[in-house]
Amino acid sequence: MGSMVGASVVRKEDPALLTGRGRFVDDIRLSGTVHMVFVRSFAAHARIVSIDTDEARTLPGVLGVWTNADLEGLPASRSVPGMERPCLAKDKVRFVGEPVAVVVATDRYLAADAAEAVLVEYEDLPVMASIEAATADGAVPIMDGLPTNVVLEQQLSATDAEEELAAAPHRLALRLRNQRCAAVPMEPTVCLADWQSSGLTIWATSQTPHHMRNEIAQMFGLSQQEVRFVAPDVGGGFGAKASFYPEFLLTAELSRRLRRPVKYVETRSENMTSMVHGRAQDHEVEVGFDDDGTLLALRVRITQDCGGWPDTTGIGLPTLTSFMSGGCYKIPVIAPSFRSVVTNTTPVGSYRGAGRPEASYMIERVVDRVAAELGLDPLDVRRRNFVQPGEMPFATQFEGIVYDEADFPGALAKLLEHVDYEALRKEQAGRRDDPDAPLLGIGFSTFVEMGGFGPTPLFEQFGYVGGWESANVRLNVDGSAVIKVGTSPHGQGHQTAFAQIVADQLSVPFERITLVHGDTATVQEGIGTMGSRGVPVGGSAVFKAANKVRDKAIRIAAHMLEADEKDIELADGRFSVRGAPDQGVSMAEVAVRAFKPHLLPDGFDLGLDETAFHEPSNLSYPSGAHCCVVEIDRGTGKVAVARYVAVDDCGTVINPLMARGQIHGGVAQGIAQALLEEVTYGEDGQPGSGTLVDYTLPSALDLPTYETDHLVTRTSFNPLGAKGLGESGATAAPQAVVNAVVDAMAHLGVRTIDMPCTPQKVWRVLQAATRNGS
Amino acid sequence: MSHHKVRISVNGTAGEDEIESRQLLVHYLRETRGLTGTHVGCDTSNCGACTVMLDGKTVKSCTVLTVAADGGDVLTVEGLDEQGEMSPVQKGFQACHGLQCGYCTPGMVMAATGLLLEQENPDDAAIREGIEGNLCRCTGYDMIVDSVRWAAEHGGPGTAARAHANGRN
């Protein structure tokens with residue numbers, strides 16, 4: 001049997017999903033289920049004067065209508081301490097879409113009818129739907145009891161780097177905006193709660209079932225064994241399903257009161273204002289550098305838009321941005337600081353990359369700007385400043401932030417094996433001289449980000465019990481294997497990847513291995529799937545548990561073969577004695593023997609069933625080099641991605657086919673952020689992108705084909721040598737695209753453009769630059 | 001609340017149901033007929049997760065009233081397989097990793113099947129055009145294009161879809 005790790009096997013998950021036999025939350029049918037629908041605020045900031053539920057209560061099928069006042073004693077939704085968010089708005093609303101009341105009816109259509117009949121009277125308050133408005137002189141504090149809308153301010157360095165910036169031969173200031181995006185998993189939030197006398201079961205669209213169980217148990221004052229949280233098939237998450245949503249508590253509470261299962265299915269239009277948004281950071285940057293492009297000092301002041309209620313994850317995002325602000329470069333002094341601002345908008349939380357894409361966008365734009373100022377090639381400036389492979393692991397100036405093994409120059413060199421840079425530059429020059437030809441731009445992104453989240457002290461800051469992951473591997477009597485793991489995949493393919501790891505460690509055929517996940521009643525413990533931790537942390541736990549099973553199986557085999565344990569070898573499903581290959585027993589024979597006490601040494605623990613935890617020694621740091629080539633239509637400003645080439649270093653690759661899928665998907669989201677997507681609000685706080693008609697989620701016609709390759713530098717931070725890959729594409733791509741867009745217009749003096757680079761925006765920049773140039 | 005009696009064949013199985021007149025076809029399939037493979041991903045007819053075939057043409061079943069399908073034949077993702085074996089399109093998506101979370105997948109598979117009924121051998125541009133009405137947030141589409149091309153080379157839409165399109169189902 002060859003190695004399964006590294007093989008492009010097709011996924012175990014697929015047949016069910018392809019034949020309509022997947023099981024998503026809304027597919028689960030419990031008899032007697034009733035349906036919950038929200039009444040949501042259409043005002044962005046207003047005092048609630050009255051809520052009239054009289055008519056709604058009389059409508060057919062309605063079992064009840066509840067407002068905040070009707071749910072006294074219901075705990076707040078999970079919140080930043082001191083900023084507790086009630087499950088239903090109390091006294092006032094803070095953003096369009098905030099739940100004000102709930103209706104439960106026997107049928108979802110009837111519940112929607114009744115929600116329409118609830119009349120809410122509002123008294124308008126001043127609306128501050130942007131950072132600018134919320135921090136302007138005279139802005140009204142949105143959070144009760146706080147003097148301003150700045151809810152958190154932090155300086156993450158000893159100095160503000162002013163001295164170093166002043167001393168640098170060159171100094172440059174930039175303002176960058178990482179616009180607000182929506183995660184838009186294709187399945188919105190859905191939950192189904194069934195509170196019985198024996199306890200509460202809740203099925204929900206979540207990336208973190210055990211974490212949710214812990215939270216819900218604590219909030220209701222239940223013990224954890226009384227709460228079962230199940231995340232069955234989950235239709236994408238991208239970080240947004242790691243947040244806690246009030247509907248989890250409300251369906252549970254209403255199930256308790258009504259003594260029936262209560263289901264909530266969010267519509268897409270609700271999802272666009274109710275599920276946490278991502279990014280939403282403004283950066284004021286100053287960089288000092290010398291004549292050859294060596295970076296000397298960097299100051300970045302981050303403003304994080306938190307939305308109407310600070311999310312426990314969202315409030316930590318700029319910390320991660322700060323830690324990663326130096327990218328893959330040696331910069332002697334980095335001075336990041338941030339402030340988090342509440343606004344009358346949807347709360348902001350994790351979105352694929354969560355804080356690191358913002359940093360990577362910033363530093364990669366900075367490097368290109370430095371090159372432009374000095375008239376240098378952007379690749380030369382990168383090479384001049386890279387942390388070198390011999391300097392790894394590399395301790396940044398931030399305590400505990402230590403880059404693991406990587407080869408930043410090597411990744412760029414490998415990228416250039418796929419890209420004929422010189423030929424592209426020639427082509428670009430030719431196009432510039434031909435007024436009918438589309439402009440050509442070449443953009444690079446040499447990036448590093450964080451993967452493999454923990455360890456525990458870091459994850460505790462985000463409210464998790466730990467940063468470890470847990471796995472159990474068990475052999476059945478017939479030698480087939482079952483893995484139980486605490487990660488909770490929602491598209492990542494853990495059934496397949498973890499079976500590959502176990503197949504190698506135990507020499508059990510891949511087809512005879514099953515994965516159980518996402519259910520706190522069956523999986524021993526877990527944290528969840530986010531922060532590119534599935535393979536590096538979850539996979540490492542699986543690896544360790546499999547090895548414990550293997551060690552025990554070897555003891556049994558040694559007993560059966562009357563040989564020393566040290567002399568037992570396992571290959572192709574067979575244990576044999578070193579030097580005597582014809583003497584052997586199969587894994588299946590050993591598995592049976594594990595259940596026969598009379599044929600084992602006295603007191604031998606029966607079974608082959610082992611649990612292991614993996615606590616990562618630190619974060620891992622996936623890195624790589626991406627290149628984007630764009631064409632810009634001079635007449636319309638439309639940007640087309642002509643080529644996208646990605647070289648990623650995620651360390652060990654478990655399944656190249658699935659790795660490709662992760663890169664494609666991440667890059668797609670990054671390209672879409674660069675060119676298409678933006679959550680917008682009017683000054684009155686009304687969403688301008690509240691449906692998929694207005695929010696430009698890319699289709700197959702908007703995205704290119706992708707060319708991918710890997711550089712493999714194993715990390716020493718976990719036993720698999722894997723760094724994680726889920727967020728790399730989304731972290732790397734935006735600046736590769738924007739650098740290319742700016743590069744295409746550089747000869748006209750264009751130095752900057754904000755995302756998304758829509759045709760209108762690009763056309764305007766192009767027109768202004770052409771006018772100035774002529 | 002007005003009600004209608006409808007006769008609709010789904011995946012070759014006849015049904016006669018009394019439904020609310022305003023019921024959407026996707027809810028008829030999911031709730032009345034218990035076929036939960038067809039998903040709802042938006043409420044504006046943009047995402048295509050609810051795509052099924054109605055009388056030989058792909059439709060977004062969230063924008064078709066059940067009463068409008070009265071007397072019709074519907075083919076859903078549950079009806080594509082051939083005696084337990086996945087159709088070429090379904091196989092292609094597995095072979096080429098054309099799905100990740102699987103939520104858009106049933107609609108995407110139906111759209112691809114519809115495309116291959118109309119065009120035997122679409123090039124990549126035609127495939128992208130053909131699935132443009134179906135949104136996927138996981139794959140970035142490239143491997144979906146590969147999947148559809150694989151299907152075109154390995155039997156096209158499949159016998160169940162052909163039979164449906166020919167009105168035999």
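Glu562(A) sits in the loop between α16 and β24 (568-571) of chain A, where helices (H or I, at least four residues) and strands (E, at least two) are DSSP runs numbered from the N terminus. This is a predicted model, in which local features need pLDDT of at least 70, side-chain atom pairs count only at pLDDT 80 or more, and totals for chains, interfaces and linings use all residues. Residues are numbered from 1 along each chain as its sequence is written, while chains are lettered from A and ligands numbered from 1 in the order in which they are written.

Although not a glycine, Glu562(A) has a positive phi of about 50°. For context, most residues other than glycine have a negative phi, and most peptide bonds are trans.

| Cis bond | Omega |
|---|---|
| Met392(A) to Pro393(A) | near -10° |
| Phe453(A) to Gly454(A) | about -25° |

Pro393(A) is in the loop between α11 (378-385) and β18 (394-395) of chain A. Gly454(A) lies in the loop between β20 (439-448) and α14 (456-460) of chain A.

Now to the interface: 45 residues of chain B are in contact with 43 residues of chain A, meaning C-beta atoms, placed from the backbone, within 7 Å. On the side of chain B that touches chain A, α2 (88-95), α3 (105-118), α4 (124-130) and α5 (142-153) of chain B each supply at least two residues.

Key. Contact = placed C-beta atoms within 7 Å.
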